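Please keep the sequence and the structure in view while reading.

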Amino acid sequence: MTVMRSVVLGYGSYLPERIMTNAELAAKVDTSDEWIVQRTGIRQRHIAATGEFTSHLGTHAALAALANAKVEAHTIDLIVLATSTPDNTFPATAVQIQSALGIHHGAAFDVQAVCTGFIFALATADNFLKSGAFKRALVIGAETFSRILDWQDRGTCVLFGDGAGAVVLEAQPQPGTNKDRGILTTHLRSDGRHKDKLFVDGGPSSTQTVGHLRMEGREVFKHAVGMITDVIEDAFKATGTTADDIDWLVPHQANKRIIDASAKKLNIAPQKVVLTVDLHGNTSAASIPLALAVAAGDGRIKKNDLVMLEAMGGGFTWGSALLRW
Ligand code: UT7
């Protein structure tokens, strides 16, 4: 039976020029390169320049994805941007990007699910494309977390970085099996009982300030592996696939220890795991499309490969997406 699938036509990414090393951080707060590498796997992160906003990062990534897909901006009728660090409280940063791309039709909006944002955005776009409401979508993850960090708090400021990644999706008819190209299944979860474990202590309605990121790292860590493996198993069940069928696991890049433990629990071989946390740090909603762009760009992810995406973050939110490239 023919079904509509959201097929990836192209990918792109953008990282701000400025790189901040662990050594540089160790000169500012009581930390060390050794501690950061051992506990997280992070060696460096990129930091947006003064005057460089989330929309600028997102626009660069979108342009790269359009070029890679070899499609014109005006053929896009849906833009879904995942971000927790918008340029302004409103309008949505997605409309800034839409305007910068010269697109004046269709719809553009933001989704906010913190580090799981890209999975939520991908699932949203996928459902609109499958329903026939839109034909071609840009799904973007873009963040400037450096703007909401407390640079005195060593427990959080060493973890995050700035960046953006994007994919172009197109609705295409496929035979309707797990051998189809495109997004095969998505699984989204939230549990607000954990909202105080990873949050920003400001906002327009509560404090009228932007606020800073606060995290009980150990508490987040404790829940991460179980939540990630649950939604990956949901994706396997929904598609009749197993860990052996996966060509690549492209996880949210928060901590190498969380990624290693999740892959181990699921029996996914380490050589199938795409790791960029060492170079990018945790870029929240941007981390998965950034990692996709690295692994597709260096030739690891190839057409027809089966790719599992997963993320977990503030809310808590967590989710997975299984797609054939
Ligand atoms: O992307 C959204 C989801 N977020 C995450 O997935 C983050 C999840 N959490 C983590 O990745 C880890 O919990 C951290 C990397 C944040 C922390 O690693 P940990 O192994 O859980 O360390 P900890 O918080 O238990 O702290 C161990 C020690 C503490 O000292 P004491 O109490 O043992 O004396 C901390 O004060 O390490 C200390 N510490 C640091 N030391 C040097 C905390 N941050 C630092 C630091 N440098 N930057």
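The lining of the largest pocket comprises 16 nonpolar, 14 polar and four charged residues. In this division Ala, Val, Leu, Ile, Met, Phe, Trp, Tyr, Cys and Pro count as nonpolar, Asp, Glu, Lys and Arg as charged, and the others, Gly among them, as polar. The model is a predicted one, in which local features need pLDDT of at least 70 and side-chain atom pairs count only at pLDDT 80 or more, while totals for chains, interfaces and linings use all residues. Residues are numbered from 1 along each chain as its sequence is written, and side-chain values use heavy atoms, with hydrogens and water left out.

A pocket is here an open set of points on a 1 Å grid over the protein atoms alone, where a 1.4 Å probe fits and protein lies on both sides within 12 Å along at least five of seven lines; lining residues have an atom within 4 Å of a point. Grid points are joined across faces, edges and corners, and the volume is the space filled by probe spheres set on the points. The volume of the largest pocket is about 940 Å³. Its lining has 34 residues, and those closest to the centre are Ser84, Thr85, Pro86, Ile148 and Val210. Two elements, β5 (107-111) and β9 (198-200), each give two or more residues to this lining, and β9 provides the largest share, three residues. Helices (H or I, at least four residues) and strands (E, at least two) are DSSP runs, numbered from the N terminus. Because domain 1 (3-174) and domain 2 (182-324) both contribute lining residues, the largest pocket lies between them; the domain bounds come from an automatic or database domain assignment.

The second largest pocket has a volume of about 720 Å³. Among its 31 lining residues, Leu159, Met215, Gly217, Arg218 and Asn255 lie nearest the centre. The largest share of this lining, six residues, is given by α7. Domain 1 and domain 2 each supply at least three residues to the lining of the second largest pocket.

Helix α7 itself deserves a separate look. Its 23 residues (217-239) should span 33 Å at 1.5 Å a residue, and the end C-alpha atoms are 33 Å apart, which agrees. The expected span is 1.5 Å times one less than the number of residues. A kink of about 35 degrees is centred on alanine 224, the bend at a residue being the angle between axes fitted to the seven residues ending there and the seven starting there. Ala224 is also one of the buried residues of α7, which include Val220, Met227, Ile232 and Phe236. Buried means under 20% relative accessible area, exposed over 50%, and partly exposed in between (1.4 Å probe, protein chains only). After α7 comes glycine 240, with a positive phi near 65 degrees.

Lysine 70 has a phi of about 60 degrees and lies in the loop between α3 (54-69) and β4; with a relative accessible area of 74%, lysine 70 is exposed. Glutamine 208 likewise has a positive phi of about 60 degrees, sits in the loop between β9 and β10 (213-215), and is exposed at 61%.

Two cis peptide bonds complete the account. One runs from phenylalanine 90 to proline 91, with omega near 5 degrees, and proline 91 is placed in the loop between β4 (78-82) and α4 (93-100). The other joins glycine 315 to phenylalanine 316, with omega near -15 degrees.
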